[in-house]
Amino acid sequence: MKKPVKVTITGAAGHIGYALAFRVASGEMFGPDQPVILRLLEIPQALSSLNGVGMELEDCALPLLHDIVLTDDPSIGFRETDYALLIGAKPRSKGMERKDLILENAKIFAAQGRSINDNASGDVRVLVVGNPANTNALIAASNAPDLANRQFTAMTRLDHNRTMGQLANKTNSLVADIKRVNIWGNHSMTQYPDISNCLIDGKPAYDLVTRDWVIDHMIPRIQRRGAEIIEARGLSSAASAADAVVDHVHDWALGTSENDWVSMSVMSDGSYGVSEGVVFSFPVTCKEGEYEIVQGLDLDELSQSRLKTSEKELLEERAIIQELLPKG
Ligand code: NDP
């Protein structure tokens, strides 16, 4: 039997955390032969609800779940953890400015970066979902001086999966036959879903859809999909967000498929002219727990200008939280 992998989920009693914990514990993230230990972290006010999640996990009698730790203490939650999934974040309250939301969450993610640095495994992999996810990942990484920036990522996999879903629907194809879509930029309205290199059943996607449909329908719909779901359900997306967390970590840990790539927000190394020091979504391939940014893709003028818009937004977010970046 393999040694259990330790997985921390913050905000584990929230909507996404609740949808996620059971899937990690049942083996969907790391495979059917990999035991896991769940370390579920919440704020004190949510501990009672977290206890309920713990009881339900116990009641599932999942063979791969070797232990469950429920806590409101980050030093316990992150202790020796191998994967830190940072879901919990402060929601925007009525009348709150975007800048205030960024600053409020910046404090949370600075503290979590420090705690991960001091308590987690030296090989820990971190995924930030709590918004503004890209900038929160930058803050956490910058407050973890003993860890490498490449151990910190933010999630754009839901946007990636949404793009595949839209394309499959439009072209009457199977999702399994769609390869090489990607999301550039920030997990926000400025993100750029790109299908220039996409193949559907081996044929260029642009043989099956028009540029007008992509620009006028597909891209805005992906950018606004979160709001569309809130309007329909009266609640934000949770199951699909949890599903994307499973995909992101699964592929990072176990590798991407041959001839395909996925979208991950990672620290920019200057690829495609994107400023270093922002967490930006790129197409990446993964192997044995490491990712590489796909190089050499052609970007037409429209794509370049969309990348610049998202980069500008991330630089503005970085300027707001500059004083919380000790490494910067
Ligand atoms: P959710 O579980 O619905 O969402 C959690 C975070 O994920 C939010 O920041 C949300 O952003 C973000 N998110 C990213 N992508 C998506 C997506 N595609 N769809 C929806 N959300 C997305 O929030 P809840 O309020 O239900 O739960 C949050 C939990 O976190 C609570 O239980 C709370 O107690 C806990 N918490 C923990 C903290 C900590 O550990 N220090 C701090 C604050 C809260 P958005 O708001 O933009 O939807």
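How many Å apart are the mean positions of the positive and negative charges of the protein? The numbered points below take this up along with other features.

1. This is a predicted model. The protein carries 32 positive and 44 negative charges, and their mean positions are 3 Å apart.

2. The protein contains 10 helices and 14 strands. Its C-alpha trace spans about 50 × 45 × 40 Å along the principal axes. For 328 residues, a compact globule would have a radius of gyration near 20 Å, so the 19 Å of the protein agrees with that description.

3. Of the 328 residues, 53% are buried. The accessible surface amounts to about 14700 Å², and carbon and sulfur atoms account for 50% of that area.

4. Consider contacts between residues at least 6 apart in sequence: 73% of these join residues at least 24 apart.

5. In soluble globular proteins, nonpolar side chains tend to be buried together. In this model, the largest nonpolar core has 35 residues, and Leu167 and Ile195 touch the most other members. Helices H6 (157-171), H7 (211-223) and H10 (301-320) each supply at least two residues of this core, as do strands E12 (262-267), E13 (279-287) and E14 (290-293). H7 gives the largest share, five residues.

6. Leaving aside residues up to four places away in sequence, Leu167 touches Ile178, Val181, Ile195, Cys198, Ile200, Val209, Trp213 and Met218. Apart from the core described in point 5 lies another core, of 34 residues, which includes Ile9, Phe22, Val129 and Ala242.

Methods
Residues are numbered from 1 along each chain as its sequence is written. This is a predicted model: local features need pLDDT of at least 70, side-chain atom pairs count only at pLDDT 80 or more; totals for chains, interfaces and linings use all residues. Side-chain values use heavy atoms; hydrogens and water are left out. Helices (H or I, at least four residues) and strands (E, at least two) are DSSP runs, numbered from the N terminus. The radius of gyration is taken over C-alpha atoms; the globule rule is 2.2 Å times the number of residues to the power 0.38. Buried means under 20% relative accessible area, exposed over 50%, partly exposed in between (1.4 Å probe, protein chains only). Contact means heavy atoms within 4.5 Å. Accessible areas come from the Shrake-Rupley method with a 1.4 Å probe; for residues, only the protein chains shown count as cover. Lys and Arg count as positive and Asp and Glu as negative; His and the chain ends are not counted. The place of a charge is taken as NZ of Lys, CZ of Arg, CG of Asp or CD of Glu. A nonpolar core is a set of buried Ala, Val, Leu, Ile, Met, Phe, Trp, Tyr and Cys residues joined through side-chain atoms within 4.5 Å.
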